[in-house]
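The account moves from aromatic pairs to the core and then to backbone details.

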Amino acid sequence: VIRCRAAVAWAVGKPLSVEEVEVAPPKAGEVRIKIVATGICRTDDHILEGCFPNVDFPVIPGHEGAGIVESVGEGVISVKPGDKVIPISLPHCGECSFCLNPESNYCLKSHLSEPQNLLPDKTSRFTCRGKQIHHFLWVSTFAEYTVILECAVAKIDAAAPLDKVCLLGCGFSTGYGAAINTAKARPHVVQVKPGSTCAIFGVGGVGLSVVMGCKAAGASRIIAVDINKDKFAKAKELGATDCISPQDFKKPIQEVLTEMTGHGVDYSFEVIGHADTMTAALASCNMNTGVCVMVGVPASGSVISIDPMLLLSGRTWKGTLLGGWKMRDSIPKLVSSYLEKKFNSDLLITHTLPIAKVNEGFELLRAGK
């Protein structure tokens, strides 16, 4: 058993508490990882707000990390102690109908099918103050050591800087993949065509990654939409051609975008997770061939009402999980692309804090900083 620090969420609405926890050794098919770095993603904030579905408390959040394998359980063959790895919040069991479908990046072991609050034997590897602490998405990167199923771990290049590539575990991959993955090979995402016009609603870390993906795909016009104008300089640096705030207009933003582009954008991406911006994003793409991609995570229980005519005329509305990548296969390739400088995800990193200041990190996130 390893004793180490972890940021524990004891209850909804309470700040994280940095505690000493015990992390049990990995059982068969499991891997214990020393987490070196983790990003803070809006999804982690959803847990603390109580609006992420089916999470059990107390829990150790965090799902965007990178680390080094400390030990492996019986039967684990894809990684060994000392390997650099990125944990994956969308596993790849390799056996279910989704994993066997080359057009899918989902897995039936994912949290949306059966909660990943405990490992498959229905126990946790974490305890604190004599209590069982739940896992989050089997990942729980807000702990200095964590235990994860082998099918949710990707081995990466030994040269990768873990404090930079941790972003590839969720935020960057989600946004970048939403824009660049191929429509043909991955029908549940889109591939932005060269010369097209795109609008991105929300340019936080994931939205900026969509901007980078649209630029990489050759979009000719990339419109960033956000109420926080402090984000516009970074958006322009990464490829946005226009930046607009809905607060500067008296008319709905979808009308503004339609007027700016003639008939609406070719692709719109909603990277906030609000019902009203989802409908605005859908209405802002052109009525016949426009594609709207839902990237942001809505609060559990959200309901959206739309005018069906928005879809009847031919628009496509789709969602994406982790940018459509089959993560276990794709993460090592994305890390290689990072090392070859095919994209610069480092620009998304604004602050670096020790784990003891994790709550300050969430305050910066909520302040849009």
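A search of the whole structure, which is a predicted model, finds seven aromatic pairs. In one of them the rings of Y176 and F343 have their centres 5.3 Å apart, and because their planes stand at 55°, the pair is tilted. The two partners come from distant parts of the chain, 167 residues apart: Y176 belongs to helix 3 (residues 171-180), whereas F343 sits in the loop between helix 9 (327-339) and helix 10 (358-366). Y176 counts as buried at 9% relative accessibility, and F343 likewise counts as buried, at 8%. Both rings are members of one aromatic cluster, which is formed by F172, Y176, Y338 and F343.

Helix 3 also holds T174, a residue that counts as buried because its relative accessibility of 7% falls under the 20% cut-off. A polar atom of the T174 side chain lies 2.8 Å from the backbone oxygen of C170. Leaving aside residues up to four places away in sequence, T174 touches V206, V295, L322 and G323.

**Nonpolar cores**

The largest nonpolar core has 53 residues, and the members that touch the most others are V165, V192, I200, C214 and F269. C214 gives a view of the packing here: beyond residues up to four places away in sequence, C214 touches A179, V192, C198, I200, A219, I222 and F269. Another core, of 31 residues, lies apart from this one and has A7, V21, V23 and V139 among its members. As a general background, nonpolar side chains in soluble globular proteins tend to be buried together.

**Backbone details**

The peptide bond from F57 to P58 is cis, with omega near -10°; P58 is placed in the loop between helix 1 (42-49) and strand 4 (65-72). Two lysines, K122 and K341, have a positive phi although neither is a glycine. K122 is in the loop between strand 5 (84-87) and strand 6 (126-128), while K341 is in the loop between helix 9 and helix 10. The table sets out their values.

| Residue | Phi | Relative accessible area |
|---|---|---|
| K122 | about 65° | 59%, exposed |
| K341 | about 60° | 73%, exposed |

The loop between helix 9 and helix 10 thus holds K341, which is exposed with a relative accessible area of 73%, as well as F343, which counts as buried at 8% relative accessibility.

**Confidence of the model**

Methods: Residues are numbered from 1 along each chain as its sequence is written. This is a predicted model: local features need pLDDT of at least 70, side-chain atom pairs count only at pLDDT 80 or more; totals for chains, interfaces and linings use all residues. Side-chain values use heavy atoms; hydrogens and water are left out. A nonpolar core is a set of buried Ala, Val, Leu, Ile, Met, Phe, Trp, Tyr and Cys residues joined through side-chain atoms within 4.5 Å. Buried means under 20% relative accessible area, exposed over 50%, partly exposed in between (1.4 Å probe, protein chains only). Contact means heavy atoms within 4.5 Å. Rings of Phe, Tyr and Trp (its six-membered ring) pair if their centres lie within 6.5 Å; planes under 30 degrees apart count as stacked, over 60 as edge-to-face and the rest as tilted. Helices (H or I, at least four residues) and strands (E, at least two) are DSSP runs, numbered from the N terminus. A polar contact is a pair of N or O atoms within 3.5 Å; within protein, one must be able to donate a hydrogen and the other to accept it, and residues adjacent in sequence count only if both atoms are side-chain atoms.
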